Amino acid sequence: MTNVRSARMAGFGHSVPGRCIENAEIERSLKLEAGWIERRTGIRTRYWAEEGDTLSGLAAEAGAMALDNAGIGRSEIGLMLLATSTPDHLLPPTAPLVAHKLGLEHSGALDLAGACSGFLYALALADAFVRAQGRAVLVIAANILSRRINPAERASCVLFADAAGAVVLTPASNPAAGVLGTDLCSEGSGYDLISIAAGGSNKPFAPERPTEEYLMTMRDGREVFSRAVEMMSIASQRALDGAAVEARAITRFVPHQANVRIFQAVATNLGIEAERTVCSLHRFGNSSAATIPLSLSLETARRPLEDGETLLLAAAGAGLTGAAIVYRA
């Protein structure tokens, strides 16, 4: 295409493991009263990986669904971005393996570690690639967090889940559509609020280290809540301002599904009613970067995007990283 003016979301896909975990199972293990998890988080069920499941396999399933949904050939994909915090291995990166599984023989492939904001960072990069190169991009976000949570830590055990979501971006010629506004932000003063302490080069693997240091921990849940609400609200407003779009024009708000109280607070701050907010959290839990593309895939299968619809996507997560994107169909 010689007149690329924007990038269009042309296909959506998702995948979850086969094992569904209901709240009662976790509440029993943590000795919580019945109903505690849903009252605090909005989650009813989530999916956890079974033996033999891999991150690359989950990502490839979502990617294949998105490609089929977009109706384009594998050869048209110029780049595949994989947003994940739980790659198959520390080295090599997982994206080339996923690209191989999908038969993307003429595509670059890259892992991105942006935590819960990873999908939106990848989407921003994909939009720029499509505009510059005139070739389609497959963006996948996937995580198997059940293998990195501490089953004895309530703050993280009740929240996190496994899933993959994918979006295909294709070249388009309408400058009034596509990504209209983007805001990417970070706040390193909250670097250790959500972390896996050991396993990197700072604290490498060592037999004497306690197992807990290789598992996820949330140091201060209240601080995470307040920082996430603030970061998502500010990033969203800046993205709206950059796109010259008012919050009342947003037809669907698709937030990171961290905790229902977090994205309800963000929606309230922005003046977006509940009926315009997309929620998959109650069924699928918090799969970090995968929650937004998972939500998009589920939502567009239920009610396809109409020309002229305006979406707001927003996330915040470990690091701290934050992002918001305004997109017009």
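User: Before we dig in, what does buried mean here, and what counts as exposed?
Analyst: Buried means under 20% relative accessible area, exposed means over 50%, and partly exposed is in between. Keep in mind that this is a predicted model.

User: Good. I see aromatic rings in there. How many aromatic pairs does a search of the whole structure find?
Analyst: Two aromatic pairs turn up. One of them joins Phe205 and Tyr214 in a stacked arrangement, with 5.2 Å from centre to centre and 15° between the planes.

User: Is Tyr214 buried or exposed?
Analyst: Tyr214 counts as buried, because its relative accessibility is 15%, under the 20% limit.

User: And Phe205, buried or exposed?
Analyst: Phe205 is exposed, with a relative accessible area of 58%.

User: Let's zoom out. Into which domains is the protein divided?
Analyst: There are domain 1, residues 6–172, and domain 2, residues 178–328. Their C-alpha centres lie 14 Å apart. The contact between them takes 51 residues from domain 1 and 49 residues from domain 2.

User: What does UniProt place at residues 241–328?
Analyst: The unreviewed UniProt entry puts the feature "domain: Beta-ketoacyl-[acyl-carrier-protein] synthase III C-terminal" there. In the model, that span is 34% helix and 23% strand, and its end C-alpha atoms lie 14 Å apart.

User: And what about residues 110–188?
Analyst: Those carry the feature "domain: Beta-ketoacyl-[acyl-carrier-protein] synthase III N-terminal", again from an unreviewed UniProt entry. Residues 110–188 are 25% helix and 41% strand, with 24 Å between the end C-alpha atoms.

User: Now the inside. How many residues has the largest nonpolar core?
Analyst: It has 47 residues, and Ile26, Val158, Phe253 and Leu312 have the most contacts inside it. Several elements each supply at least two residues of this core, including helix 1 (23–30), helix 8 (260–270) and strand 12 (310–317). Helix 7 gives the largest share, nine residues. At least three residues of the core come from each of domain 1 and domain 2.

User: What is Ile26 in contact with, leaving aside its neighbours within four places in sequence?
Analyst: Ile26 is in contact with Ile21, Ile37, Arg46, Trp48, Cys157 and Val158. Apart from this core lies another, of 37 residues, with Leu81, Ile292, Leu294 and Tyr327 among them.

User: You mentioned Trp48. Where does it lie?
Analyst: Trp48 lies in strand 3, residues 45–48, and counts as buried at 12% relative accessibility. Leaving aside neighbours within four places in sequence, the contacts of Trp48 include Pro17, Arg19, Ile26, Ser146, Phe160 and Asp162. Ile21 is also in contact with Trp48; the two are 27 residues apart in sequence, with their C-alpha atoms 6.9 Å apart.

User: Switching to charges: how many salt bridges does a search of the whole structure find?
Analyst: The search finds 16 salt bridges. In one of them, the side chains of Arg219 and Asp192 meet at 3.2 Å, N to O. Those two link distant parts of the chain, 27 residues apart: Arg219 is in the loop between strand 10 and helix 7, and Asp192 is in the loop between strand 8 and strand 9. Asp192 is partly exposed at 39% relative accessible area.

User: Which residue does Glu299 form a salt bridge with?
Analyst: Arg252 is one partner, with the closest N and O atoms 3.2 Å apart. Glu299 sits in helix 10 and Arg252 in strand 11, 47 residues apart. Both Glu299 and Arg252 are buried.

User: How far apart are the closest N and O atoms of Arg302 and Glu299?
Analyst: They are 2.8 Å apart, in another salt bridge. Arg302 and Glu299 are three residues apart in helix 10, so about one helical turn separates them. Arg302 counts as exposed at 57% relative accessibility, whereas Glu299 counts as buried at 11%.

Note on methods:
Residues numbered from 1 in each chain as written. Predicted model: local features only at pLDDT ≥ 70, side-chain atom pairs only at ≥ 80, totals over all residues. Heavy atoms only, no water. UniProt positions renumbered as here; feature names shortened; annotations may be inferred. Helix = DSSP H or I, 4+ residues; strand = E, 2+ residues; numbered from the N terminus. Core = buried A, V, L, I, M, F, W, Y, C linked by side-chain atoms within 4.5 Å. Buried < 20%, exposed > 50% of the residue type's maximum accessible area, 1.4 Å probe, protein only. Domains from an automatic or database assignment. Contact = heavy atoms within 4.5 Å. Salt bridge = Lys/Arg side-chain N within 4 Å of Asp/Glu carboxyl O. Phe/Tyr/Trp six-rings, centres within 6.5 Å; stacked < 30°, edge-to-face > 60°.
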